[in-house]
Structure formats: structure tokens, C-alpha cells
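Subject: Handover of a structure and its findings

Dear colleague,

Please find below the structure that I am handing over to you. I would be grateful if you could read the notes that follow with the structure open beside them.

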Amino acid sequence: MAVIKKKGGKEVPPISTASLPDVIFMILFFFMVSTTMREVDLLVIFKAPEATEVQKMEKKSLVSYIYIGPPTLAQQAKWGTSPRIQLNDSYRSAAEIGEFIASERDKLDEADRNSMTTCIKADRDTKMGIITDVKQELRRANALKISYAAAKSQGY
Amino acid sequence: MAINKKKTPEVNAGSMADIAFLLLIFFLVATTMNVDSGINRTLPPWVDEEQQDAPPIKERNILKVFVSAYDQLMVQGEQIHISELKDKAKEFMLNPYDDPNLPEKEVVENDILGSHVVSKGVISLKADRSTTYNTYVMVQNELSRAFNEIRDELSIEKFGKPVAELTDDQRKAVNEAIKLSISEAEPRDLGAK
């Protein structure tokens, strides 16, 4: 620029941005590898309990999720605040779990069906009653491998 | 020829960064970072109410754990704090002094482990319908901890290193030898809040 030229005399060479795409692509690949697709929109408030002996979920494709907790603030006007069960993208009753498990099982290969795991993601303040109902339905649907979602902590 | 002398124009890569940014932002929004973790359990298979005549288990082989509607913990009829549960469960499963009131044990031969002791103890976990889930998970966690410590002890005795450092076959053998014998009874509906 004219002003700079007058003052400094020498022009500063422009910073090359040729490697910027490469840098961004690197970050992009990092995110693609280390994250997973968000599958459902949460309709329940869910704060996982904490535990020390947690194990990581092995194969994501074999896991189906059941969310249990009070409806989110946006849904509370319609649904109240008592805990609800969310399957896929809507609130369901415990009786519909059998159907849900059957459809999840149909998505898997024949060989993988026995290792299907159901992950119960329940809010920490939920009462056991609703969770027991879910567990009974899972037993009835013969989905016996379950996992209680919990965050890793250092203990009490 | 005239065509040969013409240079192919360079592709303008100036917008590459913008495209990459766009993709990056899409992935940032559409994906989640958290790795799911949890406490794994296996539910008992469904049985019809009519044919519920399970073989009777001896009184000494059962550790009754009950979590009340007010999140108190009761083990064998005594109220205890959750910090005591792990040691109780461990003592019950190991029965170190061959107490006649604690579970029976038997020696089992195994290809990988050699001979080792297997307890016949079963932990029966009952929770009220009004127990909070957090307490229930904490109790499950303590029971898992007890079993993991027992497995570690066996592993150190047999292989000289904890379970985490064993090969897959060895780990499988240890997990097979000390089964997670937690039985979850149907919940009671007492003292509903």
C-alpha cells in the first residue's frame, strides 16, 4: 500500500495460505475419525450416573439405546416432568420395547444377533420402577445383554 | 503445433480452504465425541410365571443385598454403608476362613489356570421400585469392583500380573473361572414415595 511504502520502503511479502487447506483437512480427518455420528435428538434430560468399573462399548453397530429421563424443557409443557422412555426419536411406553428390540435385531447380521447389546441411558435421578419395567421387557424380548451407561469417575 | 505450446491453466486452489472449513463445521455439528461406557450385565432369560421352580439354593450360598426406597443398603439383614459393600461381597465370594455360614467352594481343573477354587456363592440384588437409579448403579459398581478384585487376585496368583495385562485367552479363562454371579430378583414395591 502506498502509505506503508512511504514509511517502510520495503514491502512485507504476503503470508502464503497455500497450506491452509491441508491444515484444515488434517483437523477434518481428526474429527471424522475420533467422533461418531449423532444418531438421535435427545428428548429427555439425561445425566449419567458415575461409576468406577465402567467398560467401553465394544462395537457401536451392535448397540441399541434406550433413553430414560424427564422430558427436556421444550417438551415439558406437553409431556410433564415425570420420567419417560425414548426409543429412536419419540417417547414410547415400556410395552413397545419388544417391537423396538425386534426391529433393531432385524438390522443386524444373523451372526451378530447374539452379541446385540442394549444400552440403558437413564438419568441418575430416575426411580428404579421404570427401569425395572424396561428390564422386564428386555428379558421378554430376549435382549439379555445390557449395559447401564455410566460415566467414569474416581470413586466416592 | 499451437495446441502443444499452450499451457494448461493452473487450477485455482484458493477456495479449497473454504470447502474444507465447510466440511469441518459439518462434522463438528453432526457428530459427538463421547465414547459410551457403562456397566455390563446379563439379564436372566424370561421364564413364565407357572414354571418358576428354580432349583433351591442353599441359604449359605446367597448374599442378600437390598436397596430400600430411601436408598439405604441392607446386606444379610444388616444396614451398612455403601463403602463396606465391596469388602462384604469379596469376603462372601472368597470365604477365606472356610466359615460354614459362607458359601461352599469347589476346586476346578482348567487347562489354562490349572486348579483353582470356585465359589458357589450367588449375590441376590433386590431394589425397591422407588430406589434412585444412581444408588442402584453405585451398588452394581461396588459389586463389579468386588468381582474385579477377586479376578485380579486370581490372575496375580496364577500369572503374576493383573487381569489388564493378560492375553485374551488368559483373561477369558479368568473371567470364566470367576463368574459374575449376581442374580437380580423381581423388585419389591415397598414404601413407595
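Domain bounds are those of an automatic or database domain assignment. Chain A is divided in this way into domain 1 (2–34) and domain 2 (50–152). The centres of domain 1 of chain A and domain 2 of chain A, taken over C-alpha atoms, are separated by 48 Å.

The model is predicted, and local features need pLDDT of at least 70, side-chain atom pairs count only at pLDDT 80 or more, and totals for chains, interfaces and linings use all residues. Residues are numbered from 1 along each chain as its sequence is written, while chains are lettered from A and ligands numbered from 1 in the order in which they are written.

The sheet of chain B

Helices (H or I, at least four residues) and strands (E, at least two) are DSSP runs numbered from the N terminus, and two strands pair if DSSP finds at least two bridges between them. In chain B, 5 strands form an open sheet with mixed pairing, in the order S5-S4-S3-S8-S9. Strand S5 (78–80) and strand S9 (182–184) of chain B each have a single partner strand, so one side of each is left without a neighbour in the sheet. Strands S3 (residues 62–67) and S4 (residues 73–75) of chain B are antiparallel and share 3 bridges; Val67(B) has Leu73(B) as its bridge partner in S4(B).

The core

A nonpolar core is a set of buried Ala, Val, Leu, Ile, Met, Phe, Trp, Tyr and Cys residues joined through C-beta atoms within 7 Å; a residue is buried if 20 or more other C-beta atoms, placed from the backbone, lie within 10 Å of its own. The largest such core has 49 residues, and Val137(B) and Val139(B) are among those with the most contacts inside it. H4(B) supplies the largest share of this core, 8 residues.

The two chains together

Residues are in contact if their C-beta atoms, placed from the backbone, lie within 7 Å. By this criterion, 46 residues of chain A are in contact with 42 residues of chain B. H2(A) gives the most to the side of chain A that touches chain B, with 9 residues. S3(A) and strand S2 (residues 37–42) of chain B run antiparallel and are joined by 2 bridges; Gln55(A) has Gly38(B) as its bridge partner in S2(B).

Yours sincerely

Technical notes
A residue is buried if 20 or more other C-beta atoms lie within 10 Å of its own, exposed if 12 or fewer, and partly exposed in between; C-beta atoms are placed from the backbone. Two residues are in contact if their C-beta atoms, placed from the backbone, lie within 7 Å.
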